[in-house]
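Hello,

Here is the structure I promised to pass on. Please open it first, then read the notes below.

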Amino acid sequence: MKNEINTQMGFYCDQTSCMGCAACVIACKQWHDIPAGPASWMRVQSIEEGVFPNVYLGYLPSRCLNCDNAACVEACPAGAVSKREKDGIVLVDRDKCLGRDACGNDCSDACPAGTDVRGFVSLIKQGKYEDAWRLIVESNPFPGVCGRVCVHPCESACARGQVDEPIAINALERLASEHMSPNPLHVPYLAERRNEKVAVVGSGPAGLTCAYHLARLGYRVTVFEALPVAGGMLRIGIPKYHLPKEILDREIAFIENCGVEIKTNKRLGENLDKTDLEQYAAVFLSTGAHKQKTLDIPGKDLKGVMTGIDFLAKVNSDENVDLGKQILVVGGGDVAIDCARSAVRLGASEVHIACLESLEQMPANPTGIAEAGEEGIKIHPSRSFSRILGANGHCDGVECVNLHSMKFEQDGTLHLDVIEKSEHVIPADTIILAIGQALDTKVLPEGLEVNNGRIVIDETGATSLPNYFAGGDAAIPEWRVAYAIGSGRRAAEAINRQMRGLPAVEPPSTSKTRKSQFSDTETFEKMERVSIEQLPVSSRISGFPEAELTFTDEQGKKEASRCLECRGMCSLACPYDVPQFDAGDNPKMQKCDSCVEEWEAGKDPICVRSCPTRALDAGPIEELKAKYGDNRVAKNFTYYENTKPNVVFKAKTK
Amino acid sequence: MEDNKNDSGVQIIKSATAHHCGGCCVWKLHVKDGKIIKMEPDDDQENPQLRGCLRGHSMVQRLYAPDRLNYPMKRTGPRGSGEFKRISWDEALDYTAKELNRIKEKYGNSSIICGGGTGDVTMVQGYGFHIERVLRMFGGYTCTWGWPSWEAASFASHVNYGTYDAMNCRDDNLNSRLIILWGVNPVATIHGTNAMWYFKRARENGAKIIYIDPRYTQSASVLADQWIPINPATDTAMVMGMAFTIITEELQDQRFLNRYTTGFDVFRDYVLGKEDGVPKTPEWAEERTGVAADVIKQVARDYATIKPGALISGISPGRTAFGEQFHRATATLAAMTGNIGIKGGEPAGRSLGDQTPFHAYPFKMGPPMQIGENPVDKEAPTREIYLPNYTTKDQRSYARIHLNKISDAILHGKAGGYHADYKAFVVSSINHVNQFPSTIKWHKALQKLEFMLVFEQFMTATARYADILFPTAELFEKNDLIVGGSSPFYGFIKKVVEPFGERKSQIDICNLLAERLGLDVEEYNDKTDEEWVKQIAMGGGDVPDWDKFKKEGIHRMPLEEPYVAFKEQIEDPENNPFPTPSGKIEIYSKLLADMNDPFLPPIPKYFEPWEGRTDPLIKKYPLQMITPRFRRRTHTQFDTLPWLREVQDNNVQINTKDADARGIENGEMVKVFNDRGEIRIRATVTERILPGVIGVPSGAWFKPDENMIDRGGCPNTLNSERYSPCGSFTWNSALAEVAKVGEDEK
Ligand SMILES: Cc1cc2nc3c(=O)[nH]c(=O)nc-3n(C[C@H](O)[C@H](O)[C@H](O)COP(=O)(O)OP(=O)(O)OC[C@H]3O[C@@H](n4cnc5c(N)ncnc54)[C@H](O)[C@@H]3O)c2cc1C
Ligand code: SF4
Ligand code: SF4
């Protein structure tokens, strides 16, 4: 970048002449019409040292140093800050600036459920735990669920991650959920009741979230659920050691308290049909992906062979499952891992997993794989399965071959590179097939467009049928709770807009063009991430206790205090604290512009022209160096190598 | 108007500003649609440009501050409550005229007090000249005496030199090889725009700067080669110790003393102890000042040998119990070292220029508006401390009240030994309640009045007690004139915009009031403000070109070299005697000898100050309180402006040792108290103040709570009204204690 600059403008300060009077500060404020308050383009810090009567008192006037590798430029996600080629003056484009509050929300932006992450973490930092919960449920009624099972893309986006490790956002969300208001009547603000009725089909996280938001907006919402219990995969899929069912009960109760009516044992296509749904002004389809795929190989109908979803559903509803001694789970995803780990907890002495993928390719979460290993589960990667063996109608093993590699072609066909003569048998008296689920399209209303096994929707959630919206696993490719929640929320918004005759989506006013990048993380204080306590393996596998413990309030506060509270990434990034913000509504970044207009008119900046002791100067940096000597560091001033400020000081010594 | 308008409709007009800040600066004002939108230093000026400070730059905010008084007001709540309602100018003027007439008839003219006016130091509209002239024509009024800022320095200067125009201009300090700054903090007090810059350049030129002050100030941080912290109110003792060293080491300039002074022998005998048996040795001085004897000797030798040397005798050491002795002593030291009337020297009597009338250069001005002789002054004899040349006899009439004693006089009247019983109080451009000692006494006194009129810009502590408030115009809303206190120039403070709201200039208000009072308006004032500016600036011949002056806002006196006071007297003493009775510098003053006041002796002497370290009261109140000026305001002015408020916190400075002994933490709210009152203020715990001393910034706005505890932190709540023998205020002679605020006291 430096080479492009023709004449780098610089700044000079004679610390021996600066008397700390702040005339430059006021001159700058009045010249640029900046009100009193935090945004000050020019600042004077004082430095006091020594013990009476040997004291040192110095001052450090500072303003934007128009750094060579300006950290603010790199950090701005909107591309609003730039360094001018002709003189290296760093300028901010206020139209592009997102404003302090909207800027730097990378974690919140990354949350598929739309949680105000920065907001709730900062509330925890202040010890306002219940307020943190309240803020989360503004968007996501399932903080207790998400705080346990979410894959937390927010943490990958967290700016602190550039400094050391990301904030433990997920664990903090879980802590916040523990502070859910104990009073069931303490529901969030509800709009006035409206007459329109909305039906939601499927009570998984997508459906319940959509219902929750619609209820809060005043609609009369009924959720129809095929099963006798509400919660979808949260209820019947995700094992209890990940998600204790009391947590789910608590959050569903909260949703019901907001006015959502849930009718169980109502299956669309069976005891509920399109005509029943006609009385509803809108319908949200969120039936999930509950059809278990099976292996189409001989022996699949033998006794002892079951699907993963069935197995987990039974375990989750405390039904008795006949487990043998040697369990083999077939599949490489999270569901397979969950099945295997559940089997361990049911007391199975030997649990194996076998899958097509190599260890590296396994789609399951690596932590889950590692924990499975700790719990004694053996994994047999890179296998293809030819048949299930059995005797007396009961299975007793699977015949496999080893694979060099496997891959899915672009069109979805599977390509296997088999190792010849590697046939072998993995013995098993229970075989759980967890090789994927699919949407049950049969039950869907006629005329609904389906493609690639998913209901086709636009970005608002609208389907091909008028007044029909869809979300969750049934309609989106990301099969994760948070995405399901996000899709439900978006659809609720779209349904509301449709009912009120508003345009479908509001065009975003400002946008980010890139990710905030800190070019110099040395300026940040490193702080260790508070670790989450885990149960030891032995107690973990005896039954279904939660493996991870919740933060204590103190731990949470400590962890939250690591949050950089990214508001205005430029100001965080600038090692000299130059970019600042006005008080007031959505203020834009304020920063010294080196009096660029004056400069162009051949005048010095106002600060330079105002110093009563003529301590300041400005001009091309080379000229300043020639005039005052090369860069000498001012007392109590640290240059950050990466930002190399264009400033010359005459330093004051004691 | 005179300058070009640019494309965006912005007109640039040059104008000077001056407050009672000690400076005068020239600006280019950017005016658009009848409003000043911003301002910049006037860089068209020849070098050196008169650069303003932070207060100057905040004039835009001050001009349009939301807490400005924009309309005449009438009090609706109790006195001091600050509850007022807006009224019309007609009503305000009629009511005022009616009340003044009634009080005059019932109690006589002497029952009306008016005086002060130093909050506005401009030459046309300032100092309350106008209202005082109106009241004089109305039959007279009780006037005041005593300059709050300069009494000790001016008095001493008159004794030694016969005039208070006794200082070199600041640019002459570039010729000095030694500068002793004694109680001088130009960062806050300015004392001549560019003063800091000249001192700094002098230091860069190689001058040694010795800085004597109980505080290590911002000025010290830039200027001091040596900082000498000294116990407040003992400065004269150090001067005596220096004199002892110079005399015993025979370093004095005897030729100078013989030729230009009288009475050095008497002073020498006093210093050596021949008069009272107490030799004023450096060790004797160390005991009092806390400054090591060796250091005193070194400073004495420096001053006697590094020539030329300028001892700048600041006014704060003069604002103590026997403050005039300090200035008399430093002037004597200047004579002993032969530093008078020479380049780079300094007469050291009153070494700091403010603005009108305290300036270095002898301007030849046309006459300003005259108050005229006040009949009430004639009702009583002249006080004993009257010095011819300095004041008229009337100005020391017993009918006058010392500015410090107004509250006492209102409370006690004739029964208290005052000339009259006082019923009405007319206040223009001054904030008595806040800025004169014993604030709580003021609160009580003002309740007794039958009528109080205040001319103001803001709802100050004093304004809160008024019956009628006249909103006055700001600089730039009226024409006015100022001269440089320590540089020879005239500044034109121009009317650039119309007064905002219903503000009016003093001159306009007084014209209306004179009419309402049935006075001869023509006789009272026959000029507009601009005509006054012209008469004063050009009437004596100083400003030759009116149009140029008006356009540029400044006229500099054309001088070949920096102005040096008493140059003629020193170069040619035969033809240029000093304006003293003897024609010489009077180290011994016969005038004072004739006054026969043991505390105003003919030669400078040291007296143990009351409320100093030797006062038994120190057992009860162990800390010496000084009341330094504060950079973000000029006395009380500017203090409500948000830009300036965030510059610095209004805290009491206390040394770490004293704070630790009291368990006080930096930034903690503490109480500072003595028998006169209590204030609440946050503490700045610092190493930059002498242990045993606290610095409460002056000018904080008095805000009493229901128990009369001042939550605003105004030091006058704690200061004493006792004035020095010559009439100087004693703001730096007060004992107090600091303590944590108890849970139940918050
Ligand atoms: C074992 C397992 C573990 C998982 N672990 C995680 C995890 O750790 N983290 C994570 O983010 N995601 C995890 N997921 C994925 C996550 O659970 C789903 O993405 C999410 O539940 C989808 O929500 P949904 O509302 O779209 O559907 P679902 O939760 O599947 O809910 C759909 C609901 O619709 C009902 N329904 C279906 N058909 C009908 C009909 N015809 N009429 C009426 N009702 C009907 C179903 O009974 C069900 O209750 C896991 C999934 C499984 C299976
Ligand atoms: S000082 Fe700060 S604001 Fe200025 S260029 Fe450098 S990083 Fe950017
Ligand atoms: S606040 Fe700073 S980083 Fe954020 S958009 Fe504005 S200029 Fe860019």
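Domain bounds here come from an automatic or database domain assignment. The model itself is predicted.

For chain A, the assignment gives four entries:
- domain 1: 2-99 + 570-650
- domain 2: 106-184 + 515-560
- domain 3: 197-290 + 439-499
- domain 4: 295-436

I looked at how domain 2 of chain A meets domain 4 of chain A. Their centres, taken over C-alpha atoms, are 33 Å apart. Six residues of domain 2 of chain A are in contact with nine residues of domain 4 of chain A. Between them, the two domains bury about 690 Å². Carbon and sulfur atoms account for 56% of that area.

Which three residues supply more than any others of the area that domain 2 of chain A buries against domain 4 of chain A? They are Arg540(A), Ile541(A) and Phe544(A), with 71% of the area on that side.

Polar links cross this interface too. The rule finds two salt bridges between domain 2 of chain A and domain 4 of chain A. It also finds two residue pairs in polar contact there. By class, the touching side of domain 2 of chain A has three nonpolar, two polar and one charged residues. Arg540(A) forms a salt bridge with Glu374(A), and their closest N and O atoms are 2.7 Å apart.

Now ligand 2. There are 13 residues around ligand 2. Cys64(A), Leu65(A), Cys67(A), Cys72(A) and Cys574(A) come nearest. By class, the shell divides into 11 nonpolar, one polar and one charged.

Best wishes

Methods: Residues numbered from 1 in each chain as written. Chains lettered and ligands numbered in written order. Predicted model: local features only at pLDDT ≥ 70, side-chain atom pairs only at ≥ 80, totals over all residues. Heavy atoms only, no water. Near = heavy atom within 4 Å. Nonpolar A, V, L, I, M, F, W, Y, C, P; charged D, E, K, R; others polar. Contact = heavy atoms within 4.5 Å. Buried area = accessible area lost by both parts, 1.4 Å probe. Salt bridge = Lys/Arg side-chain N within 4 Å of Asp/Glu carboxyl O. Polar contact = N/O pair within 3.5 Å; in protein donor to acceptor, adjacent residues only side chain to side chain.
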